[in-house]
Structures are given as C-alpha cells and as structure tokens.
Amino acid sequence: MDCKKEALALMHKYLDDELTQKEERKLRGHLQACGQCQKHFHELKRTISLVQSSSQVSAPPDFTKKVMERLPKEKKRTNYSRWFRHHPFLTAAAVFFILMFGGVFSAWNDDQQVSVSKQDNLVIQNQVVIVPENVTVEGDLVVRNGDLRIEGLVNGDVTVINGEILEKENQDNPLDGDKYMAYVSGDVNEVNQVFEWMWYQVKKTVTNIFTLEEE
Amino acid sequence: METVIKQKIKQIKKGDHAAFEDVVTFYQNKVYQICFRMIGNKHEAEDLAQEAFIRAYTNIDRFDEKRKFSTWLYRIATNLTIDRIRKKKPDYFLDAEVKGTEGLNMYSQLAADQALPEEEVESLELQTYIHKEILALPPKYRSVIVLRFLDELSLQEIADVLEIPVGTVKTRIHRGREALRKRLRHV
C-alpha cells in the first residue's frame, strides 16, 4: 500500500467516521505492518483529542442582557407592516380611503385657473366670469376658481366652485331676492371649501345615478 | 429541542422579545465559542457574537422555518467573523501574540478567585497553546476545525453553515488536521 496516498486517505476517512468494514480491515493490516504510518495515525488521533480537550468557552455572564439592550427598538415600519398583515380588511379599507381622498384633493388642487363650462357669450375678466346683459345662457353654468357676475340670464343651474357670486353694484343681495330668480332659473350653488366640494361631488354622483335610473 | 426553538422563532416573528431572549440564552455559548476560537480574543468575540444575534433578530423574517435555526445562526456568526478577520489581515501576524496572551488572561482571571493546583495550571498552559495553534491556521481551515471538533457539527451541517460542498469541507478538515498534527505532535 502506498503510505503517502492510500493509507493517509484511509486514515482521514476513518477519522471522519466514513470507513467501510473492508477498508477498516485494510487500514488495520497496513498500520500493523508500517511503523511510519502507525506513528502518523497516532499523532492525528492525539491532535484531535487535544483540540477537543480544550475546554468549552462560555459567553460572559451578562451576554444575553447586553444583546437585549442592543436590540433595535421595534421600528415603526415593522410595527405597521405587521399590523397590515394581520388586518387585511382594514388595510384594504385604509388604502381605499387614501386613494379616494387623494383623488379628491388632487382634483381640487389640479388647476387654480379660471374655468367655465362651455357656453358662448360669456366674458372673463380678472378671474370674474360675467354673463353680460342681454345674454341668456342656456343650460347649467359651472364656474371654477373664479367669481361670477350675472347681468343677463341663466336658463339652468348655477354652480360656483372656489369663488362667489358677485352682486351688481347698487343691487340687493341676489341670493335672497325675488329679483335674483329672474336671472337664474334653477338652483344656485356656491362651493368654497374642499369639504363642500367633496359634498358637491358626492351629491352630483348620487344625482347622476338616480337620474340614470329614472331614464 | 428543535421543536421548542421552532415555536420560539414563530413568536419572535410576531415581535416577541422574551422569546428571543430565550433563544439567545440557549445559543450564546455556541455562538460565542465559534467567534472566540476564530477571532482569538474575547473582547472581539463578544462583540461579534452580539452582532450575530442582533442580525439574526433583525433578519428573522428571512429565516426559512423549514431549515435548521442553528445552521442559519452559525452562518451569520462565521460570516461576520470571517469578514472581521479579512479586515484586520494586515496586522494579523503582529497581534497573534497578543491574542494568545488575551486567552491566557481569561484563564488567569479564573485563577484569581482560587489558586489552581499545579496540574491545572499546566493544562491551562496547554489549552492556551492549542488555542494559539488553531488561530495560526488560515481562516478557511480554522472555521471547519472549530465547527467540527469544538461544536461537533456533522460534515453536512458544516457544508450548510459555510455554504460550500461537503467534498470541500472534507478536504479542508483533512488539511487542517494535518497542519495541526505538525504543530501539536511535540506536545
């Protein structure tokens, strides 16, 4: 047997507990015959027992306490994510509300420019939409981000979002006079706040739904 | 024990600190031993072992419960320690001596309480010597020797911890064993 290769390989296999009975007999036979290998084998076994004999070291007495002190405080994020995982329904509801409000707010903030529903004969001056005298507006009139002055007639509902209805000089408050009704043949809405705007949107949606049903 | 640990892991994943404390108490000596035998001094070993547990805690969601927890934990500890060894490589040989002395200090602190009998002092010296010889091995042999003979892991477990094939583990153990034999045969 080649001491350097075969016998040495068998020795290590023996030390790894992977020797078959046949190999073990072979190794034993060789070790009895070869003093050199016997010495080598003895040294290997002794080395292992020396390493294993070196006493087990223990962690310092307050080790656990120190680890617990160094532990990161539970991050808010992990708290939230854990909560979300445990309450899928509420999470879905929360996401829904965030998206809904987000949509409303962005619609609200979308443009601060004066916009008006498409009708002819309207005059826009310095953020004021004017229905001139001798003009009759057919259909509903919607004004956004601007004021409205009615000098002529509106044949429909009037809605002013983020603005107000201006009185003509030396005219009574148009909103509570009979005279005013002469100008507008329909409902008058003034919307100035986000929440009113939301309410208005909801009302509009609901009205649309019912209108559709009626049709 | 594995089932108890599995139960604890579930609790830790739910954010239970107390369950984690139990796990640290259970594994502290094993993890500390791996770090200490590989890095060589108790101050750094403690720091590394603590870091290993903290990493295990913060990454607990990534632990696959079908696997063995100890394997995962030892992997974190060995990786951290090997990283540290790599970083301090330039002065590695310089403070090899210091490391050995530190080991001696640890034992001499023990001795401070009560005078040790002659033979125990002798065995302490021998242990310090063996500790130094293990530290003199290149890190890749050192890790397998520590895991195999001090933590008594199976070849397969060592392969899992170090993420290397079993064949490589065997080769490293054989070479490490031969290297130690040369250093320790005169003891």
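**Close-up 1. A pair within helix α2 of chain A.** In this predicted model, A:Arg28 and A:Glu24 both lie in helix α2 of chain A, 4 residues apart, which is about one turn of the helix (helices are DSSP runs of H or I with at least four residues, and they are numbered from the N terminus). An α-helix has 3.6 residues a turn, so residues three or four places apart point the same way. A:Arg28 forms a salt bridge with A:Glu24, and their closest N and O atoms are 3.1 Å apart; a salt bridge is a side-chain nitrogen of Lys or Arg within 4 Å of a carboxyl oxygen of Asp or Glu. A:Glu24 is partly exposed, with a relative accessible area of 28%, where buried means under 20%, exposed means over 50%, and partly exposed is in between (1.4 Å probe, protein chains only).

**Close-up 2. A pair between two parts of chain B.** B:Lys13 forms a salt bridge with B:Glu65, with 2.9 Å between the closest N and O atoms. Because B:Lys13 lies in helix α1 (residues 2–13) of chain B and B:Glu65 in the loop between α3 (42–58) and α4 (69–87) of chain B, the pair ties together parts that are 52 residues apart in sequence. B:Lys13 counts as buried at 19% relative accessibility, whereas B:Glu65, at 26%, counts as partly exposed.

**Close-up 3. A pair between the chains.** A salt bridge joins the side chains of A:Glu18 and B:Lys170 (3.0 Å, N to O). The pair crosses between chains, from A:Glu18 in the loop between α1 (3–15) and α2 (21–33) of chain A to B:Lys170 in helix α9 (residues 166–184) of chain B. A:Glu18 is partly exposed at 32% relative accessibility, and B:Lys170 is partly exposed at 26%.

**Close-up 4. A network of salt bridges.** A:Arg70, B:Glu44, B:Asp47, B:Glu51, B:Arg55 and B:Arg84 are linked in a network of salt bridges, and over all chains the structure holds 24 salt bridges.

**Close-up 5. The two ends of helix α2 of chain B.** At the start of α2(B), a side-chain oxygen of B:Asp16 reaches to within 2.9 Å of the backbone nitrogen of B:Ala18. The helix α2(B) is followed by B:Gly40, whose phi is positive, near 100°.

**Notes.** Residues are numbered from 1 along each chain as its sequence is written, and chains are lettered from A and ligands numbered from 1 in the order in which they are written. Local features need pLDDT of at least 70, side-chain atom pairs count only at pLDDT 80 or more, totals for chains, interfaces and linings use all residues, and side-chain values use heavy atoms, with hydrogens and water left out.

Methods
A polar contact is a pair of N or O atoms within 3.5 Å; within protein, one must be able to donate a hydrogen and the other to accept it, and residues adjacent in sequence count only if both atoms are side-chain atoms.
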